[in-house]
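I opened the model today to look up a few things for the notebook. My entries follow in the order in which I checked them.

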Amino acid sequence: MEKQYKKYKLNEFVTLQVLSYTDEMMVAKLWFSGKGFDSTHHHGNQEVNIVTGGEFEATNGTEKIKVYPGQAVKVPSNFEHNMECLSPTGEMVTVWTPARQDLIEKYTEQE
């Protein structure tokens, strides 16, 4: 049976729950109740964002595209990116490879 991890507020608009992780990969669900994050960011992990609810604008470098439920956005390692929620609420599943060690250290307390 897979472990159940607590939900954490990342900021006033975004809640994150780690669903599963190994050294090679991490999967998390994110709930948005507003735009999300203030700006782009980058990290050494590859990332895939799969929108499961709401409408988002994905920023990948200088490219901006709208993303809807059932669509995914792939982000290469060390690439400036962001997912801004355009609807009142939104949900996505995010996968990082390798696993985000910074998130493991902060957000993997079990329920």
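**Entry 1: F32 and its rings.** I began with the accessibility of F32. At 4% relative accessibility, F32 counts as buried; I use buried for under 20% relative accessible area, exposed for over 50% and partly exposed for in between, with a 1.4 Å probe and protein chains only. I noted at once that this is a predicted model: local features need pLDDT of at least 70, side-chain atom pairs count only at pLDDT 80 or more, and totals for chains, interfaces and linings use all residues. Residues are numbered from 1 along each chain as its sequence is written, and side-chain values use heavy atoms, with hydrogens and water left out.

Next I looked for aromatic pairs. I found four in the structure. Rings of Phe, Tyr and Trp (its six-membered ring) pair if their centres lie within 6.5 Å; planes under 30 degrees apart are stacked, over 60 edge-to-face, and the rest tilted. F37 counts as partly exposed, because its relative accessibility is 25%. F32 also pairs edge-to-face with F56, at 4.9 Å centre to centre and 80° between the planes. F32 lies in strand β3 and F56 in strand β5 (residues 56–60), so this pair ties together parts that are 24 residues apart in sequence. Strands here are DSSP runs of E with at least two residues, helices are runs of H or I with at least four, and both are numbered from the N terminus. F56 is buried, like F32. I logged F32, F37 and F56 as one aromatic cluster.

**Entry 2: the six-stranded sheet.** What is the order of the strands in the open sheet of six? I read β1-β2-β3-β9-β4-β7, with antiparallel pairing. Two strands pair if DSSP finds at least two bridges between them. The edge strands are β1 (7–9) and β7 (72–75), and each pairs on one side only. Neighbouring strands are turned by 20° against each other on average, direction ignored. For such angles, axes are lines fitted to C-alpha atoms (for helices, over the stretch in contact), and values run from 0 to 180 degrees between N-to-C directions.

I then walked along the sheet. β1 pairs with β2 (residues 14–21) in the antiparallel sense over three bridges, and Y8 has L16 as its bridge partner in β2. A hairpin of four residues joins these two strands, β1 and β2. β2 and β3 run antiparallel and are joined by seven bridges; Y21 has M26 in β3 as its bridge partner. β2 is joined to β3 by a hairpin through four residues.

Seven bridges join β4 to β9, again antiparallel, with N49 opposite T94 in β9. On to β7: four bridges link β4 to β7, and the partner of I50 is A72.

**Entry 3: the three-stranded sheet.** I found an open sheet of three strands in the order β6-β5-β8, with antiparallel pairing. Its edge strands are β6 (63–67) and β8, each pairing on one side only. The twist averages 20° from one strand to the next. β5 and β8 are joined by five bridges, and A58 stands opposite M83 in β8.

**Entry 4: the pocket.** How many residues line the largest pocket? I noted 22, and L10, F37, H41, W96 and R100 lie nearest its centre. The elements that give two or more residues to this lining are β3 (26–32), β4 (46–53), β8 (81–85), β9 (90–97) and α1 (101–107). α1 gives the most, with four residues. The volume of the largest pocket is about 330 Å³.

On a 1 Å grid over the protein atoms alone, a pocket is an open set of points where a 1.4 Å probe fits, with protein on both sides within 12 Å along at least five of seven lines; lining residues have an atom within 4 Å of a point. Grid points are joined across faces, edges and corners, and the volume is the space filled by probe spheres set on the points.

R100 sits in the loop between β9 and α1. R100 counts as buried, with a relative accessible area of 13%.
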